[in-house]
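Here are some comments for a colleague who is meeting this structure for the first time. Please keep the sequence and the model open while going through the points below.

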Amino acid sequence: MSARGMPGPTDTEELDVEEALAVVNDSGDRGRPREARPAGRHQEEHDLDVEEALALVREPGSREPEPARDTPSAPAPSPRTTSHAQHQATPWPEARVTAERAARSVPRRAPVSVPLDAALGLVLAAPLTALTDLPSFDTSAMDGWAVAGPGPWDVRDEGVLAGHAGPRSLGDGEAVRIATGARVPQDTTAVLRSEHGTTDDKERLHATREVVHGQDIRPRGQECRSGDQLLPAGALATPAVLGLAAAAGYDTLSAMPRPRVEILVLGDELLTAGLPEDGLIRDALGPMLPPWLRALGTEVVAVRRLGDDAEALYQAVKGSDAELIVTTGGTAAGPVDHVHPVLRRLGAELLVDGVKVRPGHPMLLARTRENQHLVGLPGNPLAAVSGLLTLAEPLLRVLAGRAAPEPYTLPLRDTVHGHPYDTRLVPVVVRADRAVPLHYNGPAMLRGIAAADALVVVPPGGAHPGQELELLDLPWAWAGIGECFT
């Protein structure tokens, strides 16, 4: 592999075991009663034979999975014993549409007036209309001399600087030193650049090349007139937009407020500092999710660590006034997976209960109140990223008033193995207009996504080199971290 983690020619042979298991997980579950499967926080991993898993990955979709060897005579599962993922999982494209639709059902939020220095990343709630002409007076585009009539010219002793009051008008045959951005005296014919003029021993100015009427003068209203629409409602407040607004006379902007998000980190096994020890692991999602959600245009109002405590989770969700609650882990059906029971206790409406995507299929979306939703992310880090892009991003984009990005595709450089039945999201880098799949893309891994430009959407069965696939950009991949984190 390269320094950025690109796959080499032996990609198939070096496929990580965890990745292989994630790719074929669903095949091992089919025809197997739920009680025979291991329960736990991360149901994406199970005890499918490693050799069988790797074989299926190498030849995606080439054979039907065999019945689990520990239950050779198991009857067909009944609805009562079948997993949520098998019967209720939502196709990946439909899950994203459902998240958008859920956001549109929320009553429209009132615009807010925001100072320019706090408006980066917000969406304009009203058109940006010029409050003045730009420029608001005739100005010099260059350092040099303002001249009137044909030369040579007598040069005045005083000069004209930017920010000073209007200078005296010029008469024919007169010139005055002028700085870039300064107000041009009345009756000026042109501005002669410093490098295009010389003075003689009598302090008379001579042009070294032809002087054209109006040259190097920015006339009043050249860019816009007062009342002109500069940008429509819905435009994103980028750094350049903030500069334009200031030039046009604005101190504040009318914008859609940032969606308010609360993050609840679940799991007794998580450490917040130091090295993993005694069965405990470092929490990767606590540091990762807040800046990622801010990059999506949100205000993260709180990050709370609750452990595996059903009552604490219930009280936290019940007491939250955020528009979106994001939980990590606890979305499966194990003994400490409390998200589903808490949602039932709250009377929440489950909109998406599992998605046909790998990694991340145990993700969920629920409406907890008329103006509040909950996105349950799996606890595995890359699976959580998948849930973030599948459910949280579309919902937050609509709440924030942002336009949907134009879908785009790129051809693959290398083969990508697919899940037999589900969509896969795989980290890639873009090199010479090709999407290059990265290693380390198992559900518990972040090494691939940390080096990635985007995630590629791989259909069931996989994809071959040269095949055009949709890409999901990461929020910072093209804009730069300083610009997108607001």
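1. In this predicted model, six strands form an open sheet in the order S8-S5-S7-S6-S10-S9, and their pairing is mixed. The edges are strand S8 (190–193) and strand S9 (197–199), each of which pairs on one side only, while the twist from one strand to the next averages 40 degrees.

2. Within that sheet, strand S6 (residues 153–160) runs parallel to strand S7 (residues 174–178), the two being paired over 4 bridges. One place to look is Asp154, whose bridge partner in S7 is Glu174.

3. The largest nonpolar core holds 47 residues, and the members that touch the most others are Trp292, Leu293 and Leu395. Helix H9 (residues 381–400) makes the greatest contribution to this core, with 11 residues. If neighbours within four places in sequence are set aside, Leu293 has contacts that include Val261, Ile263, Val326, Leu388 and Leu396.

4. Helix H7 (residues 310–319) has Leu313, Tyr314, Ala316 and Val317 as its buried residues. Viewed down the axis of H7, these buried residues lie within an arc of 165 degrees, and therefore they line one face of the helix. The elements against which the buried residues of H7 pack include strand S14 (260–265), strand S17 (299–305) and helix H8 (339–346).

5. At the start of H7, a side-chain oxygen of Asp309 comes to within 3.1 Å of the backbone nitrogen of Glu311.

Technical notes
Residues numbered from 1 in each chain as written. Predicted model: local features only at pLDDT ≥ 70, side-chain atom pairs only at ≥ 80, totals over all residues. Heavy atoms only, no water. Core = buried A, V, L, I, M, F, W, Y, C linked by side-chain atoms within 4.5 Å. Buried < 20%, exposed > 50% of the residue type's maximum accessible area, 1.4 Å probe, protein only. Contact = heavy atoms within 4.5 Å. Arc of directions from axis to C-beta. Polar contact = N/O pair within 3.5 Å; in protein donor to acceptor, adjacent residues only side chain to side chain. Pairing = 2+ DSSP bridges. Axes fitted to C-alpha atoms, helices over the stretch in contact; angles between N-to-C directions.
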